[in-house]
Amino acid sequence: MTDNKTIALLGQPNSGKSSIFNSLTGMHQHVGNWPGKTVEKKEGTFEYNNVTYTIADLPGSYSLSANSDEEIVTRDYIVKKDLDMVCILADSSQLERSLYMLADFAGLKTPAMLVLTMGDVAKVKGKKIDRDALSKKLGIEVCSVIAYDKKTFDPFYKAVENTIQNKTCLNAEGLYSFFKTSDVAEEYEAALEVGEKLADSRRTKEWIASKILEDDELILRELKINNLEKTDSSAKTTLRVSDARFNWIDQILEGCFTNDKKPSELLTKFDRKAIGPRTGVLISILMMIVALVGSMVVAFPFMGLGGSIPTILNPLVDAISSGIGISETISHFIKSTVITSLGWVISMVGFIFGMSFVFGILEEVGYMARVSYVFDRSMGKIGLQGKAVMPMIMGFGCTMGSVSGSKVIDSYGQKILTIAVAWAIPCGATFVVIPTLANEFFGNVGGILVMLFIFLIMFGHIILTAKIFGKKLNPVDKRTGMVMEMPPYHKPRWGFVLKNSLMRMWDVFVKAFSIELVVCIIFYFLSYSSSGIETSILYKVGHIIEPVSKFFGMGWQTFISFFAAMLSKEAVLGVLSAIFANTGNLTDSTTGLAAASDNVAQLVAASIPKAEALAFIIAVTFNIPCIQAVVSTYNETHSVKWTARIGGYYVLTALVLAAIVYHVAALFM
């Protein structure tokens with residue numbers, strides 16, 4: 001029988017927590033949401049010496065202050081959860097700054113150890129750390145781990161065992177001395193008296209006193225102090241508390257840390273350009289375009305395979321069916337659901353692999369933080385991080401890619417907000433289908449004007465969506481200025497990036513195939529017709545609700561096409577072809593088993609008025625992008641609720657936009 005221990009990973013963003021978590025747990029992990037919080041929750045298990053460890057990858061934050069949901073969740077977990085120990089992570093390549101979390105943890109009684117990451121990067125930069133001397137000063141175990149190399153984990157496992165067995169806690173006496181001799185010594189002594197009343201089995205009076213000096217919201221609430229007005233004096237006190245912590249860090253590192261190498265002048269010059277107000281924007285946009293193209297190149301073989309799956313497997317299904325006597329109806333069902341889903345999912349995970357690999361490289365070399373810095377002010381106006389500009393640019397290529405790219409967003413709430421906003425950006429498939437219809441209905445010049453009109457709506461949609469979803473996901477009163485470290489540039493760890501990308505691709509494939517299969521089966525029965533589209537459920541429903549759909553500017557034909565566009569934008573022309581040119585049933589037209597007629601746009605243009613056409617174009621453009629985007633959103637948010645909210649919001653706004661456009665256009669067309 002194995003013992004069970006519970007530990008937590010604590011560290012700043014980009015400290016390597018998630019990488020170590022993935023290496024420790026492998027596929028034995030699950031991701032969800034913290035109860036009552038819009039914060040991502042990662043937990044997993046690993047075994048060592050007949051002991052099962054449940055490990056939590058706590059949200060990355062720069063401190064244990066109560067300034068965000070991430071910090072509150074992290075602190076509550078450490079202070080209130082019955083943990084056996086905490087692993088505090090610090091980036092060896094920028095140790096002076098990344099030890100701030102350790103300094104903020106000092107004073108808590110939970111057993112802890114220090115895990116140094118990015119040791120290979122630190123070595124290249126000439127930085128050396130005496131772990132034994134550091135361990136002696138801190139009074140806890142100190143080990144070094146290279147996240148992608150499991151061979152380096154033996155010292156980690158042994159340090160975990162020793163920490164739990166000996167219940168070793170961080171020696172914070174030196175930090176207390178700095179508080180007592182700093183500019184806030186008098187206030188600190190007074191806070192100690194109050195802190196003694198709140199001290200418990202997890203928190204020392206010294207730790208509580210430091211939080212009182214910082215006007216920590218949670219501590220003040222315990223003291224029954226509400227609505228405390230922040231003054232210049234309190235801000236200065238908070239800064240002095242931070243100074244005391246940094247002074248303690250300097251003392252700890254004295255004699256334990258050396259740096260024998262100067263930074264590259266070439267990289268320093270590039271960095272000035274990369275974070276410049278003008279050059280930084282241009283470089284970032286260029287890098288994002290290159291990343292988009294690079295992702296497409298990496299994903300192309302997978303997407304090509306996904307597109308070829310029906311061509312490869314459908315004849316095989318037909319041959320097997322005829323050989324064992326399976327009816328043509330069942331064979332058609334298998335091709336329309338299982339084979340179609342498999343092809344779509346392979347294409348989908350291929351693009352996700354490409355995105356993860358290319359953006360993983362950008363993140364590895366340390367460039368991503370520069371993008372966030374450059375765009376933070378402009379993106380902050382709509383409540384987003386600077387990094388959100390990357391997935392939004394990717395959205396012009398593929399919404400699924402933009403959703404996948406949102407993984408670079410540190411805050412879970414802002415990740416969901418980024419996804420919601422990115423859905424408003426028309427994807428590449430839209431720019432294939434919509435111009436064809438626009439040019440046919442309104443001519444070349446009119447088609448260009450329609451596309452400009454779409455871009456105008458897009459910008460308005462982005463702002464509106466950010467305001468609506470931002471109220472819950474990133475309220476104005478909780479928005480703070482950017483606090484971040486610029487990680488040093490370094491060579492990418494190719495094996496690490498590749499491994500993470502493959503793991504991510506497989507994880508998405510497992511989850512996505514079942515979802516897409518269920519959706520395809522549902523659509524199959526809605527659109528199946530034995531003799532013409534008139535016998536399909538979708539056709540009958542379309543006719544029944546046509547009085548309603550007419551209000552939104554769409555007759556039953558265009559409304560059915562609008563519905564089919566939720567599965568795939570490419571399906572629009574096929575479904576219109578099935579309706580107006582009688583080229584196949586709705587199922588085959590949507591899943592790609594039947595090709596669209598070459599003159600479908602002409603046939604549609606001759607059958608419906610221009611006002612309806614414009615309303616239909618707008619509705620399709622701003623509808624749910626595709627089923628793959630929905631699945632990707634669920635995979636990133638781990639939330640049925642938020643996926644459904646975003647999906648429902650886009651269906652509703654697409655219909656509202658269509659109604660407005662139709663009724664206004666009908667006055668002039």
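**Helix 9 and helix 10**

I began with the contact in which Glu187, Tyr188, Ala191, Leu192, Val194, Gly195, Glu196 and Leu198 of helix 9 meet Lys205, Glu206, Ile208, Ala209, Ser210, Ile212 and Leu213 of helix 10, taking contact to mean heavy atoms within 4.5 Å. I noted that this is a predicted model, in which local features need pLDDT of at least 70 and side-chain atom pairs count only at pLDDT 80 or more, while totals for chains, interfaces and linings use all residues. Residues are numbered from 1 along each chain as its sequence is written, and side-chain values use heavy atoms, with hydrogens and water left out.

By class, I found nine nonpolar, two polar and four charged residues in the contact of helix 9 with helix 10; here Ala, Val, Leu, Ile, Met, Phe, Trp, Tyr, Cys and Pro count as nonpolar, Asp, Glu, Lys and Arg as charged, and the others, Gly among them, as polar. The helices and strands in these notes are DSSP runs (H or I of at least four residues for helices, E of at least two for strands), numbered from the N terminus.

I then looked up the geometry: the axes of helix 9 (residues 185–198) and helix 10 (residues 205–213) come within 7 Å and cross at roughly 120 degrees, which makes helix 9 oblique to helix 10. Axes are lines fitted to C-alpha atoms, for helices over the stretch in contact, and angles run from 0 to 180 degrees between N-to-C directions. Angles under 35 degrees count as roughly parallel, over 145 as roughly antiparallel, 65 to 115 as roughly perpendicular and the rest as oblique. The crossing of helix 9 and helix 10 is right-handed, a term used if the near helix is turned clockwise from the far one by less than a right angle, with anticlockwise giving left-handed.

**Helix 20 and helix 30**

Next I turned to helix 20 (residues 430–473) and helix 30 (residues 640–665), which pack at about 140 degrees with their axes 12 Å apart, and are therefore oblique to each other. Their crossing is right-handed. On the helix 20 side I listed Phe453, Ile457, His461, Leu464, Thr465, Ile468, Phe469, Lys472 and Leu473, and on the helix 30 side Trp642, Arg645, Ile646, Tyr649, Tyr650, Thr653, Leu657 and Val661. This contact of helix 20 with helix 30 has twelve nonpolar, three polar and two charged residues.

I looked separately at Ile468 of helix 20, which is partly exposed at a relative accessible area of 41%; buried means under 20%, exposed over 50% and partly exposed in between (1.4 Å probe, protein chains only).

Helix 21 (residues 494–527) and helix 29 (residues 627–637) pack at about 130 degrees, their axes 10 Å apart, which makes helix 21 oblique to helix 29. I recorded a right-handed crossing here, and the residues that meet include Arg504 in helix 21 and Glu636 in helix 29. The contact of helix 21 with helix 29 divides into seven nonpolar, two polar and five charged residues.

Arg504 and Glu636 came up again when I checked Ser404, which touches them as well as Ile352, Met355 and Ser356, not counting residues up to four places away in sequence. Ser404 sits in helix 18 (residues 399–405) and is buried at 2% relative accessible area.

**Thr621**

I placed Thr621 in helix 28 (residues 610–621), where Thr621 is buried at 4% relative accessible area. Its side chain reaches the backbone oxygen of Ile617 at 2.7 Å. Leaving out residues up to four places away in sequence, Thr621 touches Pro426, Thr430, Ile434, Ile454 and Lys569.

**Positive phi values**

Asn50, in the loop between strand 3 (40–48) and strand 4 (51–57), has a positive phi of about 65 degrees although it is not a glycine, and Asn50 counts as exposed at 59% relative accessibility. Met118, in the loop between strand 6 (112–117) and helix 5 (119–124), has a positive phi near 55 degrees, but Met118 is buried at 12%.

Note on methods: Polar contact = N/O pair within 3.5 Å; in protein donor to acceptor, adjacent residues only side chain to side chain.
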